[in-house]
Amino acid sequence: MTAPAAAVRGSAAVPLPYRVVRRDEETADTVTLALEPAGEGLEPFRPGQFAMVYAFGRGEVPVSVSGVERGGSGGRRGERLLHTVRAVGAVSAGLHGLRPGDGVGVRGPYGTGWEPAAAEGGDVLVVAGGLGLAPLRPLVRELLARPERYGRRSVLLGARTPADLLYREQVRAWSAAEGLLVGAAVDRPGPGWDGDVGTVVALLGRARFHPPDTAAFVCGPEVMMRATARELVHRGVPAHRIRVSLERTMHCGTGHCGHCQLGPVLLCRDGPVLGWDRAGPLLGVREL
Amino acid sequence: MSTPAGGALAALTAGQRERLAALAREAAFPAGARIFEEGEPADRFWVVLEGRAALDVSVPGGPRPVVETLGPGDLLGWSWFFPPYVWHLGAVADGPLRVREFDAAAVRVVCDEDPVLGYALARAVGGVVAHRLKATRMRLLDLYGPRPGGGAP
Ligand SMILES: Cc1cc2nc3c(=O)[nH]c(=O)nc-3n(C[C@H](O)[C@H](O)[C@H](O)COP(=O)(O)OP(=O)(O)OC[C@H]3O[C@@H](n4cnc5c(N)ncnc54)[C@H](O)[C@@H]3O)c2cc1C
């Protein structure tokens, strides 16, 4: 279990002011916002961690960090946080509607990360469904930046339609990267689609990996993560080497309020990223 | 071991695979070639070695929607295993395709003669069908849709 002290480092109870400096439309309902600190910035985020992002006048929701950029002013103060937000309700729609220059409040970093160091020396699978690619993007960047540390690397993506695939330009660039297998499957193809049709789970059959030494990082709708993890276990990947990111309603982000409790686990503190050896049994339990 | 080494027939013993191999040959389809057509007799089946095949459906007056794609290691076609041995979908080579092509009638005869092999193959084919059914059910949930069944971070 991650020590709470480490997980909640830098977690001021009060959000720090950030400013939207860029807004990129990803799909019909999803944007990526680049946020720059108005003053002091937050501590650095590790891949897989999330922030509590506050849309003024609307409320606060957990959002993963989908990337980090060096800002104009340089140094940690200027570090930009990228958040990819899908408008599903009041708060997320509020964030989705922000424009460059608008302000938000941000707390964090919170939660456990993907921790790719444990994957070094073995094959790596990144399996993302839909918006699940957002928290995994920083991990893919790590795999691209330090290929020598890992064995065979595969990134498998699932989406509803080709138009719903996130970061299409970047995914194209990843496909061209040496030694990285990139596969994408959609439920409903359209004209001009040259990827696969089907579930992302079926793509596992295309990837090359030596199951006992493989580390898998999986994020997407819970049904998709369960199906992926079960298939990986069936193929011989050890459950503790399969890391999934779980989502439950979160409120405080610091493991105090209990909103995100799943069995013995407080997901904002002990998660959202957990090994399948712990997550699997918990997902069999509907509500505790 | 490295997936997808054995592919769809991986669960068979080496001896069983050898017996089937005697009824198979390597074949290739150029991009766009039709492999089989809905309603035709299912007299062959394939295991994909390289490339991708698309399963499609004929709809009147429009382009043929692709319902699923298959890649290396996948079994292409299972209608040959169950009466009335007629394809219920079409299949086309989605790019250059290299396959192992089996003579379905001959394989069925061998299965009748050697029920142990027949049972092993029935389990393998049944496994493939079950997998595709699970995948289809998952897609029916429209997980990535506006209100996903599970919620996505
Ligand atoms: C650790 C963690 C990381 C997350 N990372 C991201 C991220 O990177 N990007 C992102 O967009 N979201 C992310 N989420 C989800 C995000 O927090 C929720 O979408 C948000 O809390 C919804 O709040 P709302 O007020 O907009 O909608 P609500 O009013 O709370 O909900 C509106 C409707 O949408 C439904 N809904 C709630 N959550 C979702 C969802 N995730 N998908 C679809 N429908 C939903 C509700 O059931 C309800 O019907 C993450 C959640 C967690 C726990």
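Biologist: What area is buried between chain B and chain A?
Modeller: This is a predicted model. In it, about 2,800 Å² is buried between chain B and chain A, and carbon and sulfur atoms give 54% of that.

Biologist: How many residues of chain B are in contact with chain A?
Modeller: 29 residues of chain B, and they are in contact with 38 residues of chain A.

Biologist: And how many salt bridges across the interface of chain B and chain A?
Modeller: The rule finds 5. One of them joins A:Asp187 to B:Arg139, with the closest N and O atoms 3.7 Å apart.

Biologist: Which element gives the largest share of the side of chain B that touches chain A?
Modeller: Strand 5 of chain B, with 5 residues. Strand 5 (66-70) and helix 3 (115-140) of chain B each supply at least two residues of that side.

Biologist: How do the residues on that side divide into nonpolar, polar and charged?
Modeller: There are 15 nonpolar, 8 polar and 6 charged residues on the side of chain B that touches chain A.

Biologist: Changing topic to strands. Does strand 1 of chain B run parallel or antiparallel to strand 8 of chain B?
Modeller: Antiparallel: strand 1 (residues 24-29) and strand 8 (residues 97-103) of chain B are joined by 6 bridges. In that strand 8, B:Arg98 stands opposite B:Ala28.

Biologist: What about strand 3 of chain B and strand 8 of chain B, how many bridges there?
Modeller: Strand 3 (residues 44-50) of chain B pairs with strand 8 of chain B over 6 bridges, in the antiparallel sense. B:Arg44 has B:Asp103 of strand 8 as its bridge partner.

Methods. Residues numbered from 1 in each chain as written. Chains lettered and ligands numbered in written order. Predicted model: local features only at pLDDT ≥ 70, side-chain atom pairs only at ≥ 80, totals over all residues. Heavy atoms only, no water. Pairing = 2+ DSSP bridges. Helix = DSSP H or I, 4+ residues; strand = E, 2+ residues; numbered from the N terminus. Contact = heavy atoms within 4.5 Å. Buried area = accessible area lost by both parts, 1.4 Å probe. Salt bridge = Lys/Arg side-chain N within 4 Å of Asp/Glu carboxyl O. Nonpolar A, V, L, I, M, F, W, Y, C, P; charged D, E, K, R; others polar.
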